[in-house]
Amino acid sequence: MATRVDSLVTAGIRPDLFAGQNLASVSRTLVVVVLALLVMVGFGMRVSNLSAEGLSEDELNKLQAVADYREHGPTSANGEHPFLMKALLTGSLVFADKWNSIPSLGGRFPIAMESALRFPSTLFGALTAVLIFLVATELFGSQVGLLAAALWALDPMAIGFNRIAKEDTFLLFFFLLGNFFWLRGQRDAESSSAEHAEKYYWASAVAFGAMMASKYLPQMLTISLCYYYIFQSVPATRWRLGKIRLLKFYGLMFVAFVILNPTILFPATWHQMAQFAGQKLVGHDGYEFMGKLYHHRATDWLNGIPWYFYHLFALIKLPVLTVVSFLIGMPLLFRRRLGDGRYFILLWMFLWMMTFSWGGGKFTRYFTNILPAVHITAAIGLQALGNWLGRKLSSLLSAEWPKIYLRPALGLLVLAGAVVAVSQAKPNFRLYTNAFGGGRDRAGYYYPHDEFYDASIREVMVEISKRAKPNAQVVSETPGLALFYGQRAGRWDLQSVHLADSKALKNLHEGDFVIVARGRLYFGNELIVNALQESSVPAMQFTLGPAHSASVYVLDGKSLEAILNVANRMAPLAKVSNPQNPAMGSD
């Protein structure tokens, strides 16, 4: 292993801030057992009661893409997103159908459609704990790695994001896998030879290809490349691929990307990607954040959602002791004693924040891809605090036991805090809000779109289906999703109308239904919602966990007149989500 240089820590060095924390200091058998336990516990939390919440509009888009694949083979359906995740979802749903068709299995233990669609994400999310351990161990030693993996396994936000069928979980998994191979290749190049490290470079290229086949976010690749290039000017480093190997690396990554994302070869996919990049597939014109509506297009920049959106999220949506540990660890990333691994974490945080904080369009699930860096930093802070307190108490008490037991005791305390947070949050993990954010009383206040995520529409449509007259119209901001769950409830006669479609609103009648769902308030429907709330009272109220999630109004003469008055003043909706193909809500 290379030695430290004063100007810049040489690539490949381990930290000396946490003495005695390399892999040799922890039994390999114990590591395997602990990691297996973390994966099992994390998976159990992620998969338990997985169908407790109904599908979101985004998830319905994935379900429709899977249906298209099953009928026609790989197509450009939902083509603005890559193929890999949808292929995994297809396999999961096919398995669930076969399972449910066997009376002795499906009859006794049926797999719900929502669970089947989300299962791959829960599996990859649970296994991510292993990759966090491997990456953190390469950078800071095995004890930091184990603690960071445990924080991920027990984090209510990580669990909540892993319980939805979206691409971020898979992007993170392959990002970490690629970086483990990348960092391991670095270590081998420094300790032996560049040729010996080549197998890790090629494995890293394949993993990064899979990452790009999970979500089109090349910015994540720049983190690894920047970490590589900052050491090239250090004479002592031997971590240099050279031009030929770099070309091979990019070539192999491209081949893996195409194999795992074959729909990229379809012209229709490129057409959809162009529409998505031009923000023509965004069906919402705002985002509610802390009770206020903001413009939500990526190109709104600082005129959109405030730049501190994710900073506040880190403060109020993670367990309190995790937040405190992170705040302790963050300054340590700027200390040379921590080793060169700190540059990787700093680049990870900086480049991620530069990518997501300044754009006008934001979703909390994007935080999935920076959350392990937060956990690793929290583990660093916790270990450093334990070492410092242990030395102080040992000196004060003239005893050795504080040095031995205080650090693991602090670790167990923080993990216990995470367990309490998870127990309070389940099964609606995204609603979790810590004491800094006001706790359960503020659940659903800060980020209602992402916290509720259409979870109550299924229950709403079940109740409407029981009460609606034949051919009744149901007005909502997610017409495709309402139609889907109405049909699953046996009401094929129900008609679904977009809440902001002024032309369609003029055809409403008394007895029709209007759904006002939390998190679906936009500039385009704000006047309608206000008129409805002022002229009527909800016929039905729904909750998700501790929070109100949706109101349903049955139109009478007064409320119908109020809606028609607003609809006559509204400009026609430029683009309305087609109830048969609600891809407008994709992001």
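Two strands count as paired if DSSP finds at least two bridges between them. Helices (H or I, at least four residues) and strands (E, at least two) are DSSP runs, numbered from the N terminus. This is a predicted model, in which local features need pLDDT of at least 70 and side-chain atom pairs count only at pLDDT 80 or more, while totals for chains, interfaces and linings use all residues. Residues are numbered from 1 along each chain as its sequence is written, and side-chain values use heavy atoms, with hydrogens and water left out.

**A hairpin to start with**

Let us begin with strands β6 (residues 540-544) and β7 (residues 547-554). The two pair in the antiparallel sense over five bridges. Thr-543 has His-548 of β7 as its bridge partner. Two residues lie between the strands of this hairpin, and Gly-545 takes a positive phi near 60°.

In a regular strand, side chains alternate between the two faces of the sheet.

**Thr-169 and its surroundings**

Next, have a look at Thr-169, in helix α8 (residues 168-191). Its relative accessibility is 3%, so Thr-169 counts as buried. Leaving out residues up to four places away in sequence, Thr-169 touches Ser-121, Phe-124, Gly-125, Phe-161 and Asn-162; contact means heavy atoms within 4.5 Å. With Ser-121 there is also a side-chain to side-chain polar contact at 3.3 Å. Such a contact is a pair of N or O atoms within 3.5 Å; within protein, one must be able to donate a hydrogen and the other to accept it, and residues adjacent in sequence count only if both atoms are side-chain atoms.

**Aromatic rings**

The structure holds 42 aromatic pairs. Rings of Phe, Tyr and Trp (its six-membered ring) pair if their centres lie within 6.5 Å; planes under 30 degrees apart count as stacked, over 60 as edge-to-face, and the rest as tilted. Two of these pairs are set out here.

| Pair | Centre to centre | Angle between planes | Type |
|---|---|---|---|
| Phe-161 and Phe-313 | 6.0 Å | 20° | stacked |
| Trp-182 and Phe-249 | 5.2 Å | 50° | tilted |

The Phe-161 and Phe-313 pair links helix α7 (residues 156-162) with helix α13 (residues 309-316), across 152 residues. Phe-161 is buried at 4% relative accessibility, and Phe-313 is buried at 2%. Trp-182 in helix α8 and Phe-249 in helix α11 (residues 242-260) are 67 residues apart. Trp-182 is buried, with a relative accessible area of 1%, and Phe-249 is buried with 1%.

Some rings sit under a charge, meaning that NZ of Lys or CZ of Arg is within 6 Å of the ring centre and within 35 degrees of the ring normal. Arg-365 lies over the face of Phe-363, 4.5 Å from the ring centre. Arg-442 has its charged end over the ring of Tyr-445, 4.3 Å from the centre.

**Nonpolar cores**

A nonpolar core is a set of buried Ala, Val, Leu, Ile, Met, Phe, Trp, Tyr and Cys residues joined through side-chain atoms within 4.5 Å. In the largest one, of 145 residues, Ile-345, Trp-348, Ile-376 and Ile-464 touch the most other members. Helix α5 (residues 113-140) gives the most to this core, with 12 residues. Among the contacts of Trp-348 are Leu-172, Phe-175, Met-220 and Ile-376. A second, separate core of 20 residues includes Ala-504, Ile-528, Leu-560 and Val-566.

Note on methods
Buried means under 20% relative accessible area, exposed over 50%, partly exposed in between (1.4 Å probe, protein chains only).
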